[in-house]
Amino acid sequence: MNHEQYLGLRRFPALDGLRAVAAAMVVFFHFGGPSWERLYGWIGVHIFFVLSGFLITTLALREESRNGRLSIKNFWKRRIARILPAYYVVLAVVAGVALARGEYAGGLGEVMLRYLTLNGEFVGPDAPQSQLWTIGIEQKFYLVWPVLGFAAVLTAARRAAAGIVLLAALLGLAATMPVLVSYIPITLGCLVAVLLHDPRGFRAVSWLTRPLGATIVALVFVAGHLALPIGSRVLGPGGPVIIAYAVLVAVLVVSLVGRGPVGWVLARRPLTFVGDRSYSLYLVQALAGLVVAATIPALGVHRTVTAVVVLAVALLMADLMYRWVEQPAIALGRRWVAAPQRRTEESRPAVAAPIAA
């Protein structure tokens, strides 16, 4: 693959498949018990962070190339339409279930304000729906990144420098403010997008996109993932495990934009189907766990089977969310973005056609 072919790609199916794998890792970590400890689903969410930084920055760079600039207002509109409707629908359903079970006041009610204001990262890991912390991290990052990376930055070198400065600041502060560690994978994903969008940057790493290079990267990634120490969930100052893992994911993302056997597997329809629904699947996993526990209480003693059933129920819920909430909200967001432009065009005076000679 050359740079022109890369810029011509409308989708990255292998990355959809990688999202599916990450979502399954998280579900099995939460519900599968000790047998699935080596999946490390607790760190799998950082795959989402790297992918998000890469994909969203790539879209922004391509808009800038087409139009001469990125509309930051439209960028924020698209993020609102993409993230918030599904988030608040799931939160409303979860709140309704908690009220019906008489569990709202003693659990979810105590942290609801933080969830409503997208501050779930400040909720403890044992709180109800604690997986929502990642949404707060992402939304805050995307308030800052387009301003830092696109408002006054005109060249690839300056944009990369801005990303590196942000990354260095996060690394420096992470030891004393651990919540900042999770912004590092998103920033790395943004830097990968900047690197690949530039012809010189793409040429420097293009060997990773070839089948042999991509296969080697995948093997190194799997080996690195399995080599994580069991106790590494206790991250310590600065989260070195997360940072090292995010670097592995960033290299893996580069390798998967090309053609290779690993990318071919990840691009198969069953995985991309799950990947397309991975956001909703991530949101509803705890709700699916409640449904399974309430309908098949004896299943809880079989942890692996429980995880499989929860994943299936969560995928069904996610498919409904994808069709009825996510897709309509994205379409509404497109109309929201296009409406001011249409009004501007309609307000312009008509130009008379030239008289034929």
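Trainee: What should I know about the model before reading it?

Mentor: Residues are numbered from 1 along each chain as its sequence is written, and side-chain values use heavy atoms, with hydrogens and water left out. The model is predicted: local features need pLDDT of at least 70, side-chain atom pairs count only at pLDDT 80 or more, and totals for chains, interfaces and linings use all residues.

Trainee: At what angle do H6 and H8 pack, and how far apart are their axes?

Mentor: Helices are DSSP runs of H or I with at least four residues, numbered from the N terminus. Axes are lines fitted to C-alpha atoms over the stretch in contact, and angles run from 0 to 180 degrees between N-to-C directions. Here H6 (residues 133-151) and H8 (residues 183-197) pack at about 50 degrees, with axes 10 Å apart.

Trainee: Which word describes that orientation?

Mentor: Angles under 35 degrees count as roughly parallel, over 145 as roughly antiparallel, 65 to 115 as roughly perpendicular, and the rest as oblique. H6 and H8 are therefore oblique to each other.

Trainee: Is the crossing of H6 and H8 left-handed or right-handed?

Mentor: A crossing is left-handed if the near helix is turned anticlockwise from the far one by less than a right angle, and right-handed if clockwise. H6 passes H8 in a right-handed crossing.

Trainee: Which residues meet between H6 and H8?

Mentor: Contact means heavy atoms within 4.5 Å. From H6, Gly136, Ile137, Glu138, Lys140, Phe141, Tyr142 and Trp145 take part, and they meet Tyr183, Ile186, Thr187 and Cys190 of H8. By class, this contact has 7 nonpolar, 2 polar and 2 charged residues. Ala, Val, Leu, Ile, Met, Phe, Trp, Tyr, Cys and Pro count as nonpolar, Asp, Glu, Lys and Arg as charged, and the others, Gly among them, as polar.

Trainee: How does H7 pack with H8?

Mentor: H7 (residues 156-174) and H8 pack at about 165 degrees, with axes 10 Å apart. That angle makes H7 roughly antiparallel to H8. H7 passes H8 in a left-handed crossing. The residues in contact include Ala160, Gly163 and Leu167 of H7, and Tyr183, Thr187 and Leu191 of H8. The class counts for H7 with H8 are 12 nonpolar, 2 polar and 1 charged.

Trainee: Is glutamine 285 buried or exposed?

Mentor: Buried means under 20% relative accessible area, exposed over 50%, and partly exposed in between (1.4 Å probe, protein chains only). Glutamine 285 has 2% relative accessibility, so it counts as buried. The residue lies in H14 (residues 278-295).

Trainee: What joins the side chains of glutamine 285 and histidine 30?

Mentor: A polar contact is a pair of N or O atoms within 3.5 Å; within protein, one must be able to donate a hydrogen and the other to accept it, and residues adjacent in sequence count only if both atoms are side-chain atoms. The side chains of glutamine 285 and histidine 30 are joined by one of 2.6 Å.

Trainee: Where is arginine 79, and what does it touch?

Mentor: Arginine 79 is in H4 (residues 72-100) and is buried, at 12%. Leaving aside neighbours within four places in sequence, its contacts are Ile56, Leu84, Glu138, Gln139 and Tyr142.

Trainee: Where is tryptophan 336?

Mentor: Tryptophan 336 is in H15 (residues 303-347). Its relative accessible area of 40% makes tryptophan 336 partly exposed. Not counting residues up to four places away in sequence, tryptophan 336 touches Lys77 and Ile80.

Key:
Helix = DSSP H or I, 4+ residues; strand = E, 2+ residues; numbered from the N terminus.
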